Amino acid sequence: MEIPKEPVIFFKSTTSLVGSNDSLVMPRGATKVDWEVALALVMSRKALYVSRENALEFVAGYVLHNDYSERSFQLERGGQWVKGKSADTFAPLGPFLATPDELHDVGRLDMWLKVNGEVRQKSSTANMIFDVAELVSYISQFMKLLPGDIISTGTPAGVALGMKPPQYLKAGDVVELGIEGLGESRQIVVEPV
């Protein structure tokens, strides 16, 4: 994909939130479920029109996030990203929240993701297009952020969508991921209920 001039913003339903090692339940009709290891941050207090210089003062901590997407819902069904990102179980977080003082440099954390033991993503937060301070400041120019709001910062190369040919998830697959200082998580992909 072309590098955006400004961050791409989308909402993810709160019903998509689950624990770090809960199963990923495929939504009905899903054909292109994809993974995205991502650094997420949790807001500590209200933020509106925050400067980039003061943005980190509003961050309570950081957490490991797998930003799952159903690409056919996201890209082939009217262009609305929310419906491709908000299925139940599509936002495993954790295993814990690390406060800013617990991480040596949030801008230089190694991150990785494996599917069935095969490395699919291996990068660092140093390669993020928009850093944490820029994202908090940018989003706060459009909407008030509240304590507990979560911002996922984006993912490195290596998602299924970018593979030739794409290799989307199927029932029985095991996804493992981690970010330096934020632990690891594991999801088993299961059929819809």
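Student: How many aromatic pairs does a search of the whole structure find?

Tutor: The search finds 3 aromatic pairs; rings of Phe, Tyr and Trp (its six-membered ring) pair if their centres lie within 6.5 Å, and planes under 30 degrees apart count as stacked, over 60 as edge-to-face and the rest as tilted. This is a predicted model, in which local features need pLDDT of at least 70, side-chain atom pairs count only at pLDDT 80 or more, and totals for chains, interfaces and linings use all residues. Residues are numbered from 1 along each chain as its sequence is written, and side-chain values use heavy atoms, with hydrogens and water left out.

Student: How is a pair of aromatic rings described?

Tutor: The distance of the centres and the angle of the planes describe such a pair. For Phe10 and Trp81, the centres are 5.7 Å apart and the planes at 50 degrees, so the pair is tilted. Phe10 lies in the segment before strand S1 (17-19) and Trp81 in the loop between helix H1 (71-75) and helix H2 (82-85), so the pair ties together parts 71 residues apart in sequence. Helices (H or I, at least four residues) and strands (E, at least two) are DSSP runs, numbered from the N terminus.

Student: Is Val136 buried or exposed?

Tutor: Buried means under 20% relative accessible area, exposed over 50%, and partly exposed in between (1.4 Å probe, protein chains only). Val136, in helix H3 (residues 132-140), has 0% relative accessibility and therefore counts as buried. Beyond its neighbours within four places in sequence, Val136 is in contact (heavy atoms within 4.5 Å) with residues including Leu41, Ala55 and Ile151. Val136 and Ala55 are 81 residues apart in sequence, yet 5.9 Å apart in space, C-alpha to C-alpha.
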